[in-house]
Amino acid sequence: MKFMLFVCADAAVVDNDSDGPGADEPMPWADELDAAGIRLDGDQLRPPRDATTVRVRGGEVLLGDGPFAETKEVIVGYDVIDCADLDEAIAIAARHPVAQFGLLEIRPFYG
Amino acid sequence: MSVDVDAVVAATFRSEWSRVVATLIRVTGDWDLAEECAQDAFAQALARWSVDGVPGRPGAWIVTTARNRAVDRLRRRSVESAKLRQIAVVAEPVADDDPGGVADDRLRLLFTCCHPALSLEARVALTLRTVAGLSTAEVARGCLVSEATMAKRLVRAKGKIRNARIPYRMPSADQLPTRTSGVLAVLYLLFNEGYAATSGADRVRVDLCGEAIRLARLLARLMPGEPEPRGLLALMLLHHSRRDARTDATGGLVTLEEQDRTRWRRADIDEGVAVLESALDHGSVGPYQLQALIAACHATAETARSTDWAGIARLYRRLAVVLPSPVVALNHAVAVAMSEGPAAGLTLVEELAADGGLVGYHLLPATRADLLRRLGRHAEAAAEYLSAIELADTDDVRDFLRRRLTDLTP
């Protein structure tokens, strides 16, 4: 089963960096899961001011320039993992360093 | 034949429902199918047992009938190879006397229904419907929503289990302690819902206290190595022992102090104390055991006056360490007031009020009012009773507070 982990953190933490906060820091969490074949993909995202949302209403394509939701916490990265069920995904997400101060939203893929 | 078939079916339903549903969910992976087949089996039992007589082992009859029903339904539904394999698994009879496997199924069911990825109201609804076997209409009455709302809630909860891949198994060892607390919290919530609604306009509600005790009993039996489920069971039994004395002839609330202790149910108290002692033997005292110890102090006191209030105050201090909460602190203040006098209690209550953690909670002004009344400061007490009446959320409590207010001599 494939799960998407949305990595969320306070906007203030990530707003000032240009290359992504801690981009060069070692990430044993990711290395371990990559080696085990559990993490399929993952990266950091540019801050929400660079985000575009796309909606189609009545056949018209509507673009937005902000994050998808107006909250203090924003999506700063994502990881795609492959594991058996939600409990395994929760255990893996709980080990992500950002879980300590931000949050991860787990969303199963269709199919 | 003089056997009351309805009564036998009802008793079998109570003892076997969760077992049948839990096993069918495991082997079919289909919650709706499991519930429908279990229901069909009991409906058939009602029809057949009055004609053919009650079978020697009613539980085994139900399991076999429900299982056959599931095989029929799956066979009719599809001929895909995957389904056929599933049929083979379902059709394979498990040993009914395999307590480990059966026990595991019911635990799996309970832990899945109480999974933290589900909303709290979904957990409560699923536990009542799927584990306790209440009908959707009964669950709706228990949760004070319409049957249509409850039906939708249950469908959505089962959809979430399926789509979010909530697993049908026991949590891993490192997740088990917090998840067990989660299950206990759901059961205690059920109990408290029932406890708050034993009289007045809410009398139509189903017996949530009885259901919660039944589920706690089951959990305690299935997790013999864990003392807290037994702590919770003891706590519920000790509270429930007072059910006949908690209200007067007109349905008004009677305080613990003023209750007729001869109306407390001895059998519940004895069982509660015995269950608590066996939990304490483990030597790891959690919050439910501490609360049960407090309840036991009350339940075993001959009179309100002879209650060991100093002991209760000590227990609340221990509870505040493992379960820090302003409500626990308020109860501690009450125990201190009883053992050391209302002035000492009032000092603690004022500190709590200053912390602001109990804003909007009617028991804060109600406690303050009671202590002020005991200190003879009646004008201040009256003002506090009025704030408490404003904040109270049930008619029972409002009526009780109004009576207290009128009893104040100016």
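Helices, as I use the word, are DSSP runs of H or I with at least four residues, and strands are runs of E with at least two, numbered from the N terminus. This is a predicted model, in which local features need pLDDT of at least 70, side-chain atom pairs count only at pLDDT 80 or more, and totals for chains, interfaces and linings use all residues. Residues are numbered from 1 along each chain as its sequence is written, and chains are lettered from A and ligands numbered from 1 in the order in which they are written.

Let me begin with chain A. Its elements follow the order β-α-α-β-β-β-β-α-β from the N terminus, giving 3 helices and 6 strands. Of its 111 residues, 21% are buried, that is, with 20 or more other C-beta atoms, placed from the backbone, within 10 Å of their own.

I turn now to chain B. Helix α10(B), residues 208-222, has 15 residues and should span 21 Å at 1.5 Å a residue, which agrees with the 21 Å between its end C-alpha atoms; the expected span is 1.5 Å times one less than the number of residues. In α10(B), 11 of the 15 residues are buried, among them L208(B), E211(B) and R214(B).

Finally, a helix pair. The axes of α16(B), residues 342-355, and α17(B), residues 363-374, come within 10 Å and cross at roughly 150°; axes are lines fitted to C-alpha atoms over the stretch in contact, with angles from 0 to 180 degrees between N-to-C directions. The two helices are therefore roughly antiparallel, the term for angles over 145 degrees.

Note on methods. A residue is buried if 20 or more other C-beta atoms lie within 10 Å of its own, exposed if 12 or fewer, and partly exposed in between; C-beta atoms are placed from the backbone. Angles under 35 degrees count as roughly parallel, over 145 as roughly antiparallel, 65 to 115 as roughly perpendicular and the rest as oblique.
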